[in-house]
Amino acid sequence: MTQQPHSTQQPHSTSSTGGEERPPVWNDAGQDPGTRGYGPPPSGGGLAAGGAVFAGVLMLMNGVIAILQGISALAKDDVYTRVGSYVYSINLTGWGVILLCLGAVGVVTGLGILRGMAWARVCGIVLASLSAILQFMFLPYAPIWSVIMIAVDVFVIWALAVYDPKTSGIRR
């Protein structure tokens with residue numbers, strides 16, 4: 001019978017007193033070799049890893065939708081209602097350019113997150129933060145949509161912030 005890869009048997013060391021063998025005090029996992037059981041679960045596991053993948057998909061979809069919103073705001077000025085006086089007043093052409101640029105960067109970032117790039121996680125957190133701020137400023141034009149997108153951005157920030165690819169156990 002072959003030795004199993006999960007076996008914790010260690011070679012015995014010899015003592016300097018009389019050549020008797022005794023087991024090591026600690027194994028490589030930092031546990032007493034006489035105890036069997038499971039250690040603490042790895043941090044950043046299933047929920048965070050799945051959340052990071054979902055955040056990448058959301059970033060990709062959010063980018064595509066922002067590109068479409070930007071195109072519609074640039075193509076016709078009557079797509080969104082006109083707002084009389086608002087503290088953060090930007091005309092629809094300005095919003096179209098902002099959404100188009102934000103959407104293009106969001107698509108590239110979402111693809112980078114799905115490919116597991118470290119720069120994409122950092123860029124995704126920054127981009128989701130910026131998107132939440134811009135959606136707050138876009139509230140008078142599309143209030144329900146803006147609130148939904150702010151919630152999505154908060155989830156993306158959380159998922160990318162807690163995900164640690166070194167301890168997730170997912171193979172790439």
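What follows covers the cavity, its lining and then one isoleucine.

This is a predicted model, in which local features need pLDDT of at least 70, side-chain atom pairs count only at pLDDT 80 or more, and totals for chains, interfaces and linings use all residues. Residues are numbered from 1 along each chain as its sequence is written, and side-chain values use heavy atoms, without hydrogens or water.

On a 1 Å grid over the protein atoms alone, a cavity is a set of points where a 1.4 Å probe fits but cannot get out, and lining residues have an atom within 4 Å of a point. Points are joined across faces, edges and corners, and the volume is the space filled by probe spheres set on them. The count is one cavity of 30 Å³ or more. The largest cavity holds about 120 Å³ of space.

Its lining has 13 residues, with Asn62, Gly63, Leu102, Leu127 and Ser131 nearest the centre. Helices H1 (46-75), H2 (92-114) and H3 (118-137) are the elements that each give two or more residues to this lining; helices here are DSSP runs of H or I, at least four residues, numbered from the N terminus. H1 gives the most, with five residues.

Now for isoleucine 98, which lies in helix H2. Setting aside residues up to four places away in sequence, isoleucine 98 touches Ile90 and Leu134, where contact means heavy atoms within 4.5 Å. Isoleucine 98 and isoleucine 67 are 31 residues apart in sequence and 9.4 Å apart in space, C-alpha to C-alpha.

Terms used: 1 Å grid on protein atoms, 1.4 Å probe; cavity = no way out; pocket = protein on both sides within 12 Å on 5 of 7 lines; lining within 4 Å.
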